[in-house]
Protein chains: 2
Amino acid sequence: MTAEYDALMDFVRETEALAAISGRLEWDQETMMPRGAAPQRGAEMAALEGVLHARRTDPRMGDWLSASEESATDDVARAQLRHIRRSFERTSKVPARLAAEIARVTSETQGIWADARAGDDFETFAPALEKVIALKREEGAALAGDGDLYDAMLQDYEPGTTAADLEAMFGALRPELTDLRAAVREARAPARLTGIFDETAQMRLTRKLAKAFGYDMTHGRVDKAVHPFSSGSGLDVRITTRTSETDPFNCFYSTIHEVGHACYEQNISRGYLLTPLGQGVSMGVHESQSRIYENQLGRSRAFTGWLYGEMRDAFGDFGIPDEESFYGTVNRVSDGYIRTEADELQYNLHVLMRFDLERALVSGDLSVADLEAAWNDRFEADFGYRVDRPANGVLQDVHWAVGLLGYFPTYSLGNVYAGCLHEALRAALPDLDSQLARGETSGATAWLADNVQTHGGLFEPRDVIARARGAEPSEAPLLAYLKEKFTGIYGL
Amino acid sequence: MTAEYDALMDFVRETEALAAISGRLEWDQETMMPRGAAPQRGAEMAALEGVLHARRTDPRMGDWLSASEESATDDVARAQLRHIRRSFERTSKVPARLAAEIARVTSETQGIWADARAGDDFETFAPALEKVIALKREEGAALAGDGDLYDAMLQDYEPGTTAADLEAMFGALRPELTDLRAAVREARAPARLTGIFDETAQMRLTRKLAKAFGYDMTHGRVDKAVHPFSSGSGLDVRITTRTSETDPFNCFYSTIHEVGHACYEQNISRGYLLTPLGQGVSMGVHESQSRIYENQLGRSRAFTGWLYGEMRDAFGDFGIPDEESFYGTVNRVSDGYIRTEADELQYNLHVLMRFDLERALVSGDLSVADLEAAWNDRFEADFGYRVDRPANGVLQDVHWAVGLLGYFPTYSLGNVYAGCLHEALRAALPDLDSQLARGETSGATAWLADNVQTHGGLFEPRDVIARARGAEPSEAPLLAYLKEKFTGIYGL
C-alpha cells in the first residue's frame with residue numbers, strides 16, 4: 001500500500017485507541033466510579049471528545065483518503081477506507097455548532113426524561129422531545145442531502161439498510177406475531193418461577209454460563225451494574241449483569257445476551273485490532289449475536305434442560321418438577337408493558353410500533369403532542385390490552401430523549417438476522433441439540449465466530465448475514481422458528 | 001486577567017483532564033483490567049501520551065505564558081503560571097527523541113529488573129541499569145544547563161530543594177538513627193503479632209479506618225491490589241490496599257498511609273480542580289501527609305489504644321493482653337532487609353543509603369559494576385547485619401530500573417516534614433491524644449487540611465511546611481519524636 005494509506009491507518013489507529021479509552025471510562029462510570037466524581041468525569045469526557053472530534057475532522061484525513069482510494073486493491077484496505085470515508089463524510093457534513101447543540105440538548109433531555117418517567121408525566125417531557133426531534137431532523141437533512149431523512153438517520157446504526165427494507169420485513173412479521181400472541185394469550189400458560197434465589201449463587205452460575213458460551217475471561221470481566229451492557233472491543237471486552245432475588249432468569253439471560261455481544265467483539269480477527277474493521281459492523285448484526293446466544297441457543301429446549309440441572313444444583317428444588325416444565329417456565333409469555341422485560345414473542349411487537357411511530361415523528365406525520373395517544377392506541381391494537389400509565393408506555397425508553405432515532409428497528413432486525421443464522425447453523429450442525437443438552441455451546445459459537453464474528457467490519461452488514469446464510473436475509477426463518485416454538489410450548 | 005491567561009487556562013484545564021484520564025487508566029490496569037488486555041492498553045496509553053505531549057509542548061503555550069506573566073497580579077494566577085512555565089520549560093528542554101528513548105528503555109528495563117529480582121541475579125540487571133543511568137544523565141544535562149545534574153533530577157519530584165539541603169538534614173539524622181537502632185537491637189523487644197486474621201474482616205475494618213481518617217467515600221473507593229497506592233485528584237481519588245491473613249497491620253497501615261495521600265488530593269481547594277494547583281505540590285509534601293496519618297497519628301499510643309479495641313471486636317482475643325503491649329507490638333523494630341516493610345525507625349536508614357548511592361551513580365563516583373558491593377557494605381554499616389541475597393538488597397526496589405533518580409530522598413524528606421507538622425499540630429491541639437484515644441482524628445485531619453492540604457500547589461513545597469510550622473523545616477522534630485517514642489517503648 002501507499003505511504004498515504006499507512007499514514008492514514010497510523011492516524012486512525014491512534015484515534016481508535018483514544019475512542020476505546022472513552023468507552024472504558026463509560027464502563028467505569030457505570031460500575032466503579034464514586035458518585036461524587038460525576039462533574040470531574042464530565043470535564044474529562046468533554047476534553048477527550050474534543051480531541052476525538054478534532055482528529056475525526058482533521059483535513060489531512062480527506063487528503064490521505066483521496067490519495068489512498070485510488071490505489072487500494074486488497075479487500076481489507078478497501079473495507080477500511082470505506083469505513084473511514086463514511087465516518088469522515090458524516091462528521092464533516094454536520095456543522096460543529098449543530099453537533100455541539102445536539103450533545104447539549106440530549107444530555108439535558110435525558111435528565112428531563114428521567115424526571116418525567118419518575119413523575120409519570122408526559123407533558124413535562126414533550127417540549128424537550130420536540131426540541132430533540134427538530135435538531136435531529138436538522139442533522140438528518142445535513143446528512144441526507146436530497147435523500148430520505150429517516151434513511152439518513154438509519155445509516156448511523158445500520159449502514160446500507162433503508163426504511164423500505166425494514167418495512168417489508170416488519171410488515172410481514174406484524175400480523176403473524178399479533179395472531180400468535182393472541183392465540184398464546186388464550187391458551188394455558190406454563191408455571192411461573194416463584195421463590196427466592198440467593199444472589200451470590202446467581203453470580204456464580206452466571207459466570208459459569210458466560211464461560212459456557214465461550215466468553216474469554218482473560219480478555220473480559222463480569223460486574224454488576226444497574227443496566228446490563230457490553231463494553232469494549234478486541235482484547236478488553238467487559239460485560240455487566242444484574243441480580244434480583246426473585247428473578248434469576250433476568251441475571252442469567254442478561255448475561256448470555258451480553259456475552260453474545262462481547263464474544264462478537266472478542267472474536268473479530270486480531271489483525272483488525274484498533275481499526276474500523278475491529279468492531280461489530282452494525283447494531284443489527286450485533287443484536288443478531290446477542291439474540292441468538294440468548295434465545296435460539298440459551299432458551300432452547302436442549303439448553304434449558306442442562307440449565308435446569310445447574311439451577312437445581314445451585315438452588316435446590318425450586319418447585320418446577322422437570323425439564324419440560326422448566327422449558328415452558330423459561331419461555332412463558334406474560335402480559336406486560338415494558339420492552340426490555342418482554343419475551344421473545346412480544347419483543348418484536350414492541351420494536352415494530354416504535355419503528356412506525358418514530359418514522360411518523362421524523363416525517364412530521366405525527367406531532368409530539370399526539371404521540372402518547374398514538375402509542376397507547378397502537379399498543380392496545382397489537383398487545384390486546386391498554387397501557388395503564390405513561391411510565392409503562394411512551395416514557396419507558398430513553399432512546400428518543402437522547403436522540404436515538406433509527407436505532408430501535410435494529411433490535412428487530414437483529415432478531416430477523418438471528419433467525420437466518422439459526423436456520424443455517426442448524427443445517428450445518430445436525431447434532432446441535434445433543435451438544436446444547438450437555439451445556440456444550442462450542443459447536444454453535446465456533447460456527448458463529450467463523451461465519452460472522454471474525455469478519456468484523458469487512459463486509460456490509462446485510463452481506464455478513466447473506467454470506468453466512470447462503471441467501472439474502474429474510475424474516476421467514478424467525479417467523480417459522482417462533483411459530484414452531486410457541487405452538488409447541490402452548491399446545492396450539 | 002487577560003484573554004491570553006484565560007486561553008492558557010482553558011487549554012491547561014483540558015490537558016489536566018486528559019492527564020487525569022491517564023491516571024484513571026493506570027488505576028484500572030492495577031485493579032480491574034483483564035490480564036490479556038495489556039497490549040491493547042499499551043496502545044491506548046501511547047495514543048493518550050502522544051496527545052498529552054503535543055499539548056504540553058504546543059508553541060501557543062509559550063506565547064500565552066509570556067503574554068500572561070507580564071500582567072499576572074494575584075497570587076493564584078502567579079502560582080498557576082509558575083507551574084505551567086516550569087512544566088513547559090521542562091518538556092521543551094528534553095528532546096523528543098530522548099524522552100521517547102527513556103520511555104522505551106525504562107519500560108524494557110522494568111521487565112529485566114523483575115526477572116533479575118526473581119532470579120536473584122544482579123549481573124543480568126547491571127547492563128540495563130547502566131543504560132538507564134546514561135540516558136537519565138543525558139536528560140539531566142539537558143535540564144541542568146550549567147547547574148548540578150542531580151539537583152536538576154530532584155526538581156521533577158521536589159521543586160526548590162537541592163541535594164545540599166537534603167544532605168544537611170540527612171547527615172544530622174544518620175548517626176542518631178544508627179545509634180538508636182543499635183540500642184533498640186540490644187533491648188528486649190515487644191511481642192510479635194501471631195495468628196490468623198480473617199481477610200474479609202480486615203477489609204471491613206480497613207474501610208472503617210479509612211473513614212475514621214476522613215477519607216471521603218463519595219469521591220473515592222477502596223480496592224485490593226498487589227501494591228497499595230492512591231490515584232487521582234479532586235473529585236475522584238481512589239486507593240488500594242492488600243490483605244495477608246497473618247499480617248493485618250500491613251492492610252491497616254497501608255490503608256491509613258494511602259488515605260493520607262488521598263485526603264491531601266481530596267482536600268485541595270475545589271477552585272483549583274483540573275489545574276496545576278489542584279494536585280499535591282511535591283512528593284515530599286505528599287509523603288508528609290501519608291506518613292503523619294500512618295505514623296504520628298496511626299501508630300501513636302493513643303490511637304493504637306482505640307485500634308486494639310477494634311481489632312478485639314473484629315478478631316476476638318489475638319493473644320496481646322492489653323493496649324500498652326499492643327502499642328509495642330504495632331511499633332516493634334525487627335531485623336529486615338526490605339525498605340517497604342521497615343518500621344518507622346529503620347525506614348529512613350534505607351532511604352539515606354539510596355540517596356547517597358544514587359548521587360554517586362549520577363556523579364560517576366560509583367559505577368554500576370560496584371553498586372552491589374557498595375550497597376551491601378553500607379547496609380551492614382547502618383543496620384548491623386549483612387544482606388543475604390540481591391533480591392533482599394540492591395534488587396529490591398523498582399525505582400532505578402524505571403529511571404526514578406532523585407525520587408528516593410523525598411520519602412525521608414516527607415518524614416522530616418511530617419515531624420515538623422506533628423510538632424506544630426501538637427502545639428495547636430493540646431488534647432489530641434484524648435481525641436485519638438476515641439478513634440477521633442477529625443481535629444488532626446482538619447488542621448492538616450487547613451494548613452497544608454487545601455493549598456495544593458499554591459506555595460512552593462518547603463514554604464507549605466514553613467507556613468504550617470511557623471519556622472523553616474528541620475529534621476530536629478522528627479528526631480526528637482523518634483527518640484522519645486522508641487526510648488519509651490524499648491525502655492532505653
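Buried area is the accessible area (1.4 Å probe) that two parts lose on being put together, summed over both. In this predicted model, the area buried between chain A and chain B is about 2,800 Å², and carbon and sulfur atoms give 66% of that area. Three residues, Ile21(A), Pro34(A) and Gln40(A), supply 20% of the area that chain A buries against chain B, more than any other three residues. In terms of contacts, 36 residues of chain A meet 36 residues of chain B.

The two chains are related by symmetry. Chain A is superposed on chain B by a rotation of 180° with 0.0 Å of shift along its axis, and the RMSD is 0.0 Å. This is the relation of a two-fold axis. Of the interface residues of chain A, 100% are also interface residues in chain B, so the copies meet through the same surface.

Polar and charged pairs were then examined across the interface of chain A and chain B. Between these chains the count is 4 salt bridges. The side chains of Asp28(A) and Arg238(B) meet in a salt bridge, with an N to O distance of 2.8 Å. The rule also finds 12 residue pairs in polar contact across the interface of chain A and chain B, both residues being at pLDDT 80 or more. Helix 1 and helix 2 (38–56) of chain A each supply at least two residues of the side that touches chain B. Helix 1 of chain A gives the most to this side, with 10 residues. By class, the side of chain A that touches chain B has 19 nonpolar, 8 polar and 9 charged residues.

Within chain A, two domains are assigned: domain 1 covers 3–154 and domain 2 covers 158–492. The centres of domain 1 and domain 2 of chain A, taken over C-alpha atoms, are separated by 26 Å. Contact between the domains of chain A involves 43 residues of domain 1 and 54 residues of domain 2. The area buried between domain 1 and domain 2 of chain A is about 4,000 Å², with 64% given by carbon and sulfur atoms. On the domain 1 side, Phe122(A), Tyr150(A) and Leu154(A) lose the most area to domain 2 of chain A, together 20% of what that side buries.

Across the interface of domain 1 and domain 2 of chain A the rule finds 4 salt bridges. A salt bridge joins the side chains of Asp120(A) and Arg389(A), at 2.8 Å from N to O. Residue pairs in polar contact across this interface of domain 1 and domain 2 of chain A number 18, both residues at pLDDT 80 or more. Helix 1 (3–31), helix 4 (75–93), helix 5 (96–119), helix 6 (122–144) and helix 7 (149–154) of chain A each supply at least two residues of the domain 1 side that touches domain 2. Helix 1 of chain A gives the most to that side, with 11 residues. The residues of the side of domain 1 of chain A that touches domain 2 divide into 21 nonpolar, 7 polar and 15 charged.

Over all chains, the structure holds 90 salt bridges. The side chains of Glu176(A) and Lys483(A) meet in a salt bridge of 2.6 Å, N to O. This pair links distant parts of the chain, with Glu176(A) in helix 8 (residues 163–186) and Lys483(A) in helix 20 (residues 476–490) of chain A, 307 residues apart.

How values were computed. Residues numbered from 1 in each chain as written. Chains lettered and ligands numbered in written order. Predicted model: local features only at pLDDT ≥ 70, side-chain atom pairs only at ≥ 80, totals over all residues. Heavy atoms only, no water. Least-squares fit on C-alpha atoms with pLDDT ≥ 70 in both. Contact = heavy atoms within 4.5 Å. Domains from an automatic or database assignment. Polar contact = N/O pair within 3.5 Å; in protein donor to acceptor, adjacent residues only side chain to side chain. Helix = DSSP H or I, 4+ residues; strand = E, 2+ residues; numbered from the N terminus. Nonpolar A, V, L, I, M, F, W, Y, C, P; charged D, E, K, R; others polar.
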